[in-house]
Amino acid sequence: MAMEPTSNPRPLGVAMIGYAFMGRAHSNAWRKVASFFDVPAFEQRVLVGRNADGVAAAAAAFGWAESATDWHDVVSRDDIDIVDICAPGHLHTEIAIAALEAGKHVLVEKPLANSLADAEAMAAAAARAQAKGITSMIGFNYRRVPALALAREFVAAGRLGEIRQVRASYLQDWLADADAPMTWRLRHETAGSGALGDLASHAVDQLQFLLEDRVSQVSARTHTFVPRRPGPDGLEDVTVDDAVWATLSFESGAIGSLEVSRVATGRKNALTIELYGSLGALRFDLEEINELWFLDATEPIAEQGFRRILVTEPEHPYVTAWWPQGHVLGWEHSFVHEIRDLLVAAGSGAPASPSFEDGLAVQRVLAAIEASAGLDGAGVPVSSA
Ligand code: SOE
């Protein structure tokens, strides 16, 4: 029988692995994206989680057609084209490589992996898959906050001149209470690291993204302030860091400081970026997500000062899909933008950004930070490709 022309290819089938915090943020994005952006047709086919009742309830709540408890069965299904991995870090490598080798497009949450070796294996699998038109993306969602996407445009346009000194911090306090219980994020075997992989991954990616640069050397230290926490069987050792400090040298010659913590009392979700250049400067704070502060050092000195750009104009990245100027966006919109860009790439088989290679570039810096911290803060060269 003659094959029917595929004038209307079937909708892309989506599977998601995991339904906790990131699973909820991604599910919200899958439910909203087609209402605000022109994207290839897709269907939320199956949500995967270990607890049958829990994942079934989450599937019903977040618009997934069905639920399952074993990802192995799902990633090779013929009706699945995209696998969105929102599972804990120790599962990223096995699931992503299996999905890529089964010919599925993959989105994986950050950090790419719990180790440099695993990250290298994932990037290699992604490169092999891309050669067949299978795309992959790592979920550094803050690249798609309009204010940070605008910041990159300013830097790329040379508005800051030569970038000399940069600062990035990511401070939270959800672990400031010593009685906050153990979770998978506090165990090395499931999370790989603490604030390092969880928060420094975002901050390092932001600096490498905004500067279009790579960190070449680090000097760092890590610390765990609360070494034991209440677990299911009594007090349990915390085997990851609470906070990280690092000095970063960039290939361009820029030098930066990095500070991340999950015990910074009073700071709730404060990713802050500061870029200081020969012609200007930029400042951003995630707790004021719609604002970018810019100083133009080419203006007469008597008129110079940081001015607040409210990044809600139709001319700003992504904003035109939403509301009129001044009707601010939130943290969750960055995930809708991320899923929109993944769908557009998957629909055409084009590479997606940030790629697993970008995720590996961050993992190299994290590994160097760990090595430096292990050497009591001595500088450690970041491995090259
Ligand atoms: C917890 O620190 C967390 O959920 C991170 O894992 C996310 O990447 C960050 O966006 C918000 O905080």
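1. On a 1 Å grid over the protein atoms alone, a pocket is an open set of points with protein on both sides within 12 Å along at least five of seven lines, while a cavity is a set of points where a 1.4 Å probe fits but cannot get out; a lining residue has an atom within 4 Å of a point. A volume is the space filled by probe spheres set on the points, which are joined across faces, edges and corners. By these terms, the second largest pocket holds about 170 Å³ of space.

2. The model is predicted: local features need pLDDT of at least 70, side-chain atom pairs count only at pLDDT 80 or more, and totals for chains, interfaces and linings use all residues. Residues are numbered from 1 along each chain as its sequence is written, and side-chain values use heavy atoms, with hydrogens and water left out.

3. The domain assignment, which is automatic or taken from a database, gives domain 1 (12-140) and domain 2 (143-351 + 363-374). Their centres, taken over C-alpha atoms, are separated by 23 Å. Contact (heavy atoms within 4.5 Å) links 40 residues of domain 1 with 39 residues of domain 2.

4. Buried area is the accessible area (1.4 Å probe) that two parts lose on being put together, summed over both. Between them, domain 1 and domain 2 bury about 3200 Å², with 73% of it on carbon and sulfur atoms. Of the area that domain 1 buries against domain 2, Phe-36, Phe-37 and Phe-140 supply 22%, more than any other three residues.

5. A salt bridge is a side-chain nitrogen of Lys or Arg within 4 Å of a carboxyl oxygen of Asp or Glu. Between domain 1 and domain 2 the count is 1 salt bridge. Lys-110 forms a salt bridge with Asp-198, and their closest N and O atoms are 2.9 Å apart. A cis peptide bond also joins Lys-110 to Pro-111, with omega about -15°.

6. The largest pocket contains about 990 Å³ of space. Because domain 1 (12-140) and domain 2 (143-351 + 363-374) both give residues to its lining, this pocket lies between them. Of its 43 lining residues, Ala-20, Cys-86, Ala-87, Pro-88 and Trp-184 lie nearest the centre. Helices (H or I, at least four residues) and strands (E, at least two) are DSSP runs, numbered from the N terminus; helix H8 gives the most to this lining, with 4 residues.

7. Residue classes are as follows: Ala, Val, Leu, Ile, Met, Phe, Trp, Tyr, Cys and Pro count as nonpolar, Asp, Glu, Lys and Arg as charged, and the others, Gly among them, as polar. The largest pocket is lined by 20 nonpolar, 16 polar and 7 charged residues. In the second largest pocket the lining has 4 nonpolar, 4 polar and 4 charged residues, and H10 supplies the largest share, 3 residues.

8. The whole structure has 1 cavity of 30 Å³ or more. The largest cavity holds about 60 Å³ of space, and its lining comprises 6 nonpolar, 4 polar and no charged residues. Among the lining residues are Val-145, Ile-289 and His-333.

9. Most residues other than glycine have a negative phi, and most peptide bonds are trans. Glu-212 has a positive phi, near 50°, and lies in the loop between H8 and S8. Ser-353 and Pro-354 are joined by a cis peptide bond with omega about 0°; Pro-354 is in the loop between H9 and H10.
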